[in-house]
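Please open the model in your viewer and keep the selection panel at hand. The tour below goes from one selection to the next and says what is found at each stop.

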Amino acid sequence: MAVVGAGRIGGLRARLAAQHPAVRFLAISDSAPERARELAQKTGAQFHSGDNAAVISRPEVNAVIVSSSEGAHVEPLLQAIGLGKPVLVEKPIALTLADADRVIRSAEKAGVDVRVGYSRRYKERYLIAKDQIAQGRLGRVVGGAARVFNLRSQATAILERNPRATPVVDALTYYVDLMSWLMDSEKRGVPVKEVFARGQKGVLKDSGFDTDDVSYAILTFADGAVVNLGIAYSLPDQYPARGHAARVEVLGTGGVMILDDDHTDQIMYSEKGVPHVYLPDRPVNLVFLQSGTPEDWALGDFWGPVANETRAWLDHLAVGKPCVLATAREARATLEVTLAIEHSAASRRPVSLPLAE
């Protein structure tokens with residue numbers, strides 16, 4: 001196993017991989033060689049480097065996790081595909097449709113399985129929701145809604161790393177994928193056909209980033225189903241959510257499902273302070289427990305969607321166990337919708353899909 005990127009999520013993936021019984025060799029790379037070395041020491045990795053190609057091409061490595069920053073996915077993806085090694089890459093698959101198409105063409109030509117880490121799929125409440133829908137208990141899904149809140153400091157941290165990774169492309173993408181997956185959009189051949197969106201600028205623009213704090217969009221699918229999505233990355237830094245504070249609703253001809261993922265029912269106040277999942281230098285006193293997007297360490301092990309997803313992918317590779325990780329084509333469809341949301345908000349007009357090249 002090679003892990004490209006030794007940051008927060010790459011570190012989690014590497015530690016989970018090191019614990020998996022099928023992983024017998026671990027190599028880690030990062031653009032900061034000292035960070036790769038530090039993570040290698042923590043995980044007992046056998047090799048580390050500041051050169052991605054060096055770890056991907058190791059003969060012992062036959063699978064790759066790409067956890068580099070949003071704008072640096074494509075090159076290591078193509079390197080791994082060129083060597084015939086299956087890949088788990090963080091979302092989004094790329095920041096442009098042209099790059100996503102390059103990855104898909106290369107993977108399909110080489111017969112390499114590429115999966116994309118839309119880890120909301122592996123949160124238990126959404127897995128259970130997917131099964132209820134698959135059992136037909138809601139009838140035909142005709143609509144839904146999802147909204148997610150996050151802190152302004154997390155938005156600026158992402159934008160400082162990559163200005164093109166806007167809140168829509170970087171975070172609302174989870175819920176575009178989630179709603180499409182719950183509705184089985186790709187498999188049923190009912191893609192999103194139209195997007196209408198509006199956004200509002202404020203604190204992020206004041207911080208030097210010309211991007212919306214708040215965005216809302218209406219997606220219309222080919223079968224007429226309508227989904228409303230919203231995101232706000234303008235919450236004050238002391239807001240108690242430590243990642244995504246979300247709510248999801250699914251409406252069908254035979255029922256309704258309401259999934260409260262805010263975690264306002266799990267509150268802790270600590271005088272010692274609790275570090276933020278992505279901003280460990282900014283501890284808070286009041287937190288909603290389990291609101292961290294990847295979720296949490298507990299009693300020496302990691303629990304939550306990133307752990308579930310990573311283990312599911314490793315089980316899939318090791319013993320052929322089925323998994324529900326997003327395919328490259330599903331990730332490409334999700335990227336197209338997020339780009340359409342941004343185009344619609346900027347133009348103040350509805351946008352039809354597929355997007356023009």
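Begin by selecting helix 8 and helix 12 in this predicted model, where the two helices pack at an angle of about 125° with their axes 9 Å apart. Angles over 145 degrees count as roughly antiparallel and those from 65 to 115 as roughly perpendicular, and helix 8 and helix 12 are therefore oblique to each other. Their crossing is right-handed.

Next, show the side chains where these helices meet: helix 8 contributes V168, V169, L172, T173, V176 and D177 to the contact, while helix 12 contributes T334, V337, T338, L339, I341 and E342. Sorted by class, this contact of helix 8 with helix 12 is made up of 7 nonpolar, 3 polar and 2 charged residues.

Now move to the second largest pocket by selecting S185, E186, R329, E330 and A333, which among its 30 lining residues lie nearest the centre. The space in this pocket comes to about 520 Å³.

To see what surrounds the second largest pocket, colour helix 5 (97–110), helix 8 (167–182), helix 9 (185–188), strand 8 (192–200) and helix 12 (328–347), each of which supplies at least two residues of the lining. Which helix gives the most to the lining of the second largest pocket? Helix 12 does, with 7 residues.

How values were computed. Residues numbered from 1 in each chain as written. Predicted model: local features only at pLDDT ≥ 70, side-chain atom pairs only at ≥ 80, totals over all residues. Heavy atoms only, no water. 1 Å grid on protein atoms, 1.4 Å probe; cavity = no way out; pocket = protein on both sides within 12 Å on 5 of 7 lines; lining within 4 Å. Points joined across faces, edges and corners; volume = space filled by probe spheres on them. Helix = DSSP H or I, 4+ residues; strand = E, 2+ residues; numbered from the N terminus. Axes fitted to C-alpha atoms, helices over the stretch in contact; angles between N-to-C directions. Parallel < 35°, antiparallel > 145°, perpendicular 65-115°, else oblique. Left-handed = near helix turned anticlockwise from the far one by under 90°. Contact = heavy atoms within 4.5 Å. Nonpolar A, V, L, I, M, F, W, Y, C, P; charged D, E, K, R; others polar.
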